[in-house]
Amino acid sequence: MVIMKEINFEHKMGAHCESGTVTALLNHNGLDISEPMVFGISGNIFFGYFESSNFPFPTFIVRNKPGSIRKNFGKNTGVKFNTASFKSKEKGEKYVNDLISNNIPTAVQVDFYYMDYLPEWQRVHINVHFVTIIGKNETDYLVSDSYFPEKAKISISRMSKARFVNGFMAPKGFLFYPEYIPDNIDLDKAIIKGIKKSAYNMTKLPVPFLGIKGMRKFAKKVVGWPKIARDIDHLSHEIMKITLLLEDQGTGGAGYRYLFATFLQEASEKLNENSFKDMSKRMMEIGDNWRNISYFAAKIGKNRDLGPERLKELSNMINDRADEEHLFFTDLYKLVK
Amino acid sequence: MKEKDVYVEFKPHQLVLYVEKDDDSFGPMQTGSFMAKNYLDDYFEKVEKWEKSLREQLKKGEISPVYYYMILQSFGEGDLASRAGVSKRKLRQHFQMSNFTKLKLSQIKKYAEAFDIPVASLFQLILSKHDEKRKISIKQTVTQNPYFIITKVEIA
């Protein structure tokens with residue numbers, strides 16, 4: 001039996017891979033902070049609608065770009081992360097191996113597809129998944145993945161492929177771990193900064209496919225999806241992917257809206273500010289309405305009930321969320337201005 | 001959403017959702033995936049249909065193995081082109097069998113790597129003759145030679 005060198009690291013599932021990984025690493029390094037707080041402080045709630053050849057079909061995002069949780073959290077709190085990426089696979093592997101030898105757990109960016117401890121239906125090619133490497137022997141790495149209930153083993157060769165695969169947002173062996181955590185983080189200030197950024201991104205970005213504008217674009221475009229789908233099954237698949245993107249792909253439910261509501265509740269307690277508590281409840285209700293979209297998309301997709309009227313109904317539901325969120329983030333911005 | 005309304009029993013696919021607890025506080029809960037529990041059969045049916053339809057086109061030489069795997073693995077053209085080290089225009093040309101057969105072996109290897117399959121799998125599909133697939137296991141083992149694999153068929 002090959003003995004595994006394992007760092008004493010508490011594995012916890014998380015809602016999202018990046019916020020879960022950053023939170024777990026901060027906790028490991030002595031900072032007691034929750035995943036919603038990390039997510040909220042980094043100002044990551046978002047919306048964007050994309051039509052790009054890098055995706056097999058038009059798609060949307062419900063959080064800001066990968067890497068921004070670590071970056072923005074660091075910027076708003078003073079926490080410093082050591083980061084590295086590599087041209088040479090050998091150097092990238094050696095760097096991680098040396099960190100493990102020195103008992104330093106490190107987050108690595110990988111193609112999600114290669115995480116073969118997860119069920120096959122869950123794994124897709126996407127180069128922006130994050131896991132923490134917490135151990136190694138001659139054949140395998142031991143990882144803590146926010147999407148898996150236990151610590152998992154993955155072969156060294158699979159991990160190497162996952163870290164050095166080419167393609168859109170290629171990982172290039174990217175890794176990070178906290179190297180400095182200030183003794184007295186001004187969390188109050190960081191919370192306000194995170195809220196400001198979130199509200200600004202949702203309501204004021206002058207880009208027609210981002211924030212609330214992105215939701216409206218999505219609502220407008222979704223009725224045209226039948227024209228670009230290969231057939232009814234393909235259309236059904238893409239409509240049902242709306243549910244996956246909102247609920248299943250590491251959002252904490254309702255496209256991060258529940259995670260953000262939890263952040264606002266924690267913020268209200270931390271800042272002793274009741275208005276955030278009201279906003280938190282409002283966001284929870286908005287989340288419930290997004291979840292209704294999830295249920296609706298799954299149902300019409302499964303039944304192949306995808307005629308113009310049904311898609312118009314879906315479009316109206318998305319537009320309603322845009323109205324609600326425009327009002328919500330405008331009010332939220334006023335509270336922190 | 002209330003904790004009790006969210007919980008789904010489905011062990012193979014677990015995730016964390018944020019919910020409203022009984023005491024009105026919000027927090028995480030581990031649950032099975034609602035989509036996986038209720039809609040996996042539908043997903044597998046669709047994939048099976050696509051595979052059969054693409055296989056027919058492949059047999060007739062209407063599409064190349066590059067197109068076959070691109071669709072089955074849900075790649076965007078831009079992403080796949082970048083992984084295989086070709087332009088999008090070139091990639092689209094390689095969707096046609098007539099152009100695929102002109103490719104250098106080194107380029108075919110890059111496609112195989114992008115699809116995470118052996119080079120040989122771009123030239124053959126190994127299928128079970130019977131429907132009872134579970135009784136036969138097919139294991140492909142890579143060797144030090146990246147162009148050569150060993151396929152072992154085991155009948156239980």
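## Counting helices and strands

Helices here are DSSP runs of H or I with at least four residues, and strands are E runs of at least two. With that in hand, chain B has seven helices and four strands. Please keep in mind while you browse that this is a predicted model.

Reading chain B from its N terminus, the order of elements is α-β-β-α-α-α-α-α-α-β-β. Chain A, for its part, holds 12 helices and nine strands.

## The overall build of chain A

Let's turn to the shape of chain A. Its radius of gyration is 20 Å, which agrees with the value near 20 Å that a compact globule of 337 residues would have. Along the principal axes, the C-alpha atoms of chain A fill a box of roughly 60 × 50 × 30 Å.

Of the 337 residues in chain A, 47% are buried. Contacts in chain A also reach across the sequence: among those between residues at least 6 apart, 70% join residues at least 24 apart.

## The overall build of chain B

Chain B gives another picture. For 156 residues, a compact globule would have a radius of gyration near 15 Å, but the value for chain B is 21 Å. Its C-alpha atoms fill a box of roughly 65 × 45 × 35 Å along the principal axes.

Buried residues account for 26% of the 156 residues in chain B. Of the contacts in chain B with a separation of 6 or more, 33% are between residues 24 or more positions apart.

## Where the chains meet

Now for the place where the two chains touch: 41 residues of chain A are in contact with 36 residues of chain B. On the chain A side, the elements that give two or more residues are α9 (232–248), α10 (257–271) and α11 (274–302) of chain A. The largest share comes from α9(A), with eight residues.

If you sort the side of chain A that touches chain B by class, you find 19 nonpolar, 16 polar and six charged residues.

## A helix to look at: α6 of chain A

Helix α6 of chain A covers residues 187–203, 17 residues in total. From its first C-alpha to its last, α6(A) reaches 24 Å, close to the 24 Å expected at 1.5 Å a residue.

Several residues of α6(A) are buried, including A:A190, A:I191, A:G194, A:I195 and A:K197. Further along, A:S198, A:A199, A:N201 and A:M202 are among the buried residues of α6(A) too. The partners of these buried residues are α2 (35–41), β2 (45–50), α3 (68–77), α7 (211–222), α10 and α12 (308–336) of chain A. One of those partners, α10 of chain A, also gives two or more residues to the side that touches chain B.

## A residue to look at: A:K5

A:K5 lies in strand β1 of chain A, which spans residues 5–6. Why is A:K5 classed as partly exposed? The reason is a count of 13 other C-beta atoms within 10 Å of A:K5, because a buried residue needs 20 or more and an exposed one has 12 or fewer.

Leaving aside residues up to four places away in sequence, A:K5 touches A:I100, A:G135, A:K136 and A:N137. As for A:N76, it is 71 residues from A:K5 in sequence and 35 Å from A:K5 in space, C-alpha to C-alpha.

Note on methods: Residues are numbered from 1 along each chain as its sequence is written. Chains are lettered from A and ligands numbered from 1 in the order in which they are written. This is a predicted model: local features need pLDDT of at least 70, side-chain atom pairs count only at pLDDT 80 or more; totals for chains, interfaces and linings use all residues. The radius of gyration is taken over C-alpha atoms; the globule rule is 2.2 Å times the number of residues to the power 0.38. Two residues are in contact if their C-beta atoms, placed from the backbone, lie within 7 Å. Ala, Val, Leu, Ile, Met, Phe, Trp, Tyr, Cys and Pro count as nonpolar, Asp, Glu, Lys and Arg as charged, and the others, Gly among them, as polar. The expected span of a helix is 1.5 Å times one less than its number of residues.
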